[in-house]
Amino acid sequence: MYLSEDEQKLIAKILERDVKSLKPKYSPTKGFVYGFDSELGLELSQFLSLANSLVEKGFLQRKFYKKVPICPNCGSQRLLLTFVCPFCRSSNWSKGKAIQHLTSTCNYIGFESEFVDNVCPNCGQELKSARIDESGGTLSLPVDYRVYDVYYKCNSCERFFERPAVSALCLDCSTSSDFDNLNWIDLYTYEPSPTLQKLESALFLTTKIKSELVRRGYTVKESQLLGKSGLPHEFDIVAVKGDSRIAIDVSAESGKKQRDLLLSSYVKSQDIENTNYYFVSTDGLAPDEKKIAETFNIKSIESKNAKEILDKIEDD
């Protein structure tokens with residue numbers, strides 16, 4: 001399976017440090033970070049794309065952690081949230097218990113302190129209540145008014161509202177955004193999957209092969225080659241020395257997965273020109289896999305030793 005350079009770097013760091021969990025941590029200067037994102041020179045969005053790609057390829061598992069708002073202009077997490085009047089956007093408001101007088105001639109709403117002796121300050125009528133006797137006491141239920149335990153009043157436009165609106169000021173680009181205009185990112189906790197352990201030997205062998213190639217005078221190139229069909233093909237390694245170009249895939253798989261890799265390698269090898277292709281298996285090929293390689297003339301090498309692999313390639 002093809003892995004980009006950044007994907008290989010991230011996996012290498014996870015394996016080298018025996019990381020059990022990648023969980024975002026909050027930084028006052030940056031927002032949520034994973035640690036490895038800065039080490040790899042990646043922005044958070046790039047790191048998430050990288051990690052999620054490894055999830056899709058089966059090397060990482062993820063669990064939802066948190067949804068985080070970001071600036072719609074610059075993508076920064078550094079937002080100052082303010083709570084404002086939904087009508088005039090002022091942050092000068094008061095909070096308290098409120099009463100709304102509900103009659104055909106009055107719909108006044110105000111804080112409880114305005115209704116002195118249960119009299120509406122707008123129309124002067126007394127609020128009506130119904131008393132119901134129950135075992136243990138008497139209940140007083142409102143008849144022509146409603147009580148709001150928590151309500152808000154704007155001190156600028158003097159209008160009442162159920163809850164403030166949210167406004168976010170970006171501390172990096174100074175963009176001010178309403179709540180509905182914010183962008184959001186989903187953060188996850190990532191953990192290595194069992195498949196990643198299989199990749200470990202193949203990944204480190206790939207790195208060792210590249211180093212051995214360079215030591216022998218090869219130039220390691222981008223691992224994508226354009227086929228005769230016009231389709232691009234990905235390889236674990238592509239290297240050039242003079243007029244000679246080689247492409248290598250390294251497999252740590254077995255059984256059906258390795259058979260599938262062999263068959264896909266045949267398609268790639270037939271579509272590329274002026275390139276010697278080699279399929280390296282770290283754990284060896286089963287008899288049926290060897291038969292596939294022989295039938296389709298796939299040059300296979302069974303080894304975990306980079307020097308031995310390059311010796312066989314150069315002796316070919």
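Trainee: Two strands pair if DSSP finds at least two bridges between them. So with that settled, what is the bridge partner of L81 in β11?

Mentor: That's A168. Keep in mind that this is a predicted model.

Trainee: Noted. And what is the bridge partner of F83 in β11?

Mentor: For F83 the partner in β11 is V166. Both pairs belong to the β4 and β11 pairing, where β11 covers residues 165-170.

Trainee: How many bridges are there between β4 and β11, and in which sense do they pair?

Mentor: There are 6 bridges, and the sense is antiparallel.

Trainee: What's the strand order in the sheet they sit in?

Mentor: The order is β4-β11-β12, an open sheet of 3 strands with antiparallel pairing. Its edge strands are β4 (79-84) and β12 (176-178), each of which pairs on one side only. Neighbouring strands in this sheet are turned against each other by 30° on average, ignoring direction.

Trainee: How many bridges join β11 to β12?

Mentor: 3 bridges, again with the strands running antiparallel.

Trainee: Is β11 largely enclosed or open, and why?

Mentor: Largely enclosed by the rest of the structure, because 5 of its 6 residues are buried.

Trainee: OK, on to the other sheet. What order do its 4 strands have?

Mentor: β6-β5-β9-β10, an open sheet with antiparallel pairing. At the edges you find β6 and β10, each pairing on one side only.

Trainee: How many bridges join β5 to β9?

Mentor: 8 bridges, between β5 (residues 93-101) and β9 (residues 145-154), with the two running antiparallel. As a landmark, G96 has Y151 of β9 as its bridge partner.

Trainee: And how many bridges join β9 to β10?

Mentor: There it's 2 bridges, also antiparallel, with β10 at residues 160-161. K153 stands opposite F160 of β10.

Trainee: Which residue takes a positive phi in the hairpin of β9 and β10?

Mentor: E158 does, with phi near 65°, and that hairpin has 5 residues between the strands.

Trainee: Switching to cysteines. How many disulfides does the structure hold?

Mentor: It holds 0.

Trainee: Then what about C157, how far is the closest cysteine sulfur?

Mentor: 3.7 Å, in C154, and that's too far for a bond as well. C157 has 28% relative accessibility, so it counts as partly exposed.

Trainee: Now the helices. At roughly what angle do the axes of α1 and α3 cross?

Mentor: Roughly 80°, and the axes of α1 (residues 5-16) and α3 (residues 44-56) come within 10 Å. The two helices are therefore roughly perpendicular to each other.

Trainee: Which residues make the contact?

Mentor: From α1 it's D6, E7, L10 and I11, and from α3 it's F47, L50, S53 and L54.

Trainee: How does the contact of α1 with α3 split by class?

Mentor: You get 5 nonpolar residues, 1 polar and 2 charged.

Trainee: Last one. Where does S113 lie?

Mentor: In the loop between β6 (109-111) and β7 (129-134).

Trainee: Is S113 buried or exposed?

Mentor: S113 counts as exposed, at 65% relative accessibility.

Definitions and conventions
Residues are numbered from 1 along each chain as its sequence is written. This is a predicted model: local features need pLDDT of at least 70, side-chain atom pairs count only at pLDDT 80 or more; totals for chains, interfaces and linings use all residues. Side-chain values use heavy atoms; hydrogens and water are left out. Axes are lines fitted to C-alpha atoms, for helices over the stretch in contact, and angles run from 0 to 180 degrees between N-to-C directions. Angles under 35 degrees count as roughly parallel, over 145 as roughly antiparallel, 65 to 115 as roughly perpendicular and the rest as oblique. Contact means heavy atoms within 4.5 Å. Ala, Val, Leu, Ile, Met, Phe, Trp, Tyr, Cys and Pro count as nonpolar, Asp, Glu, Lys and Arg as charged, and the others, Gly among them, as polar. A disulfide is a pair of cysteine sulfur atoms within 2.5 Å. Buried means under 20% relative accessible area, exposed over 50%, partly exposed in between (1.4 Å probe, protein chains only).
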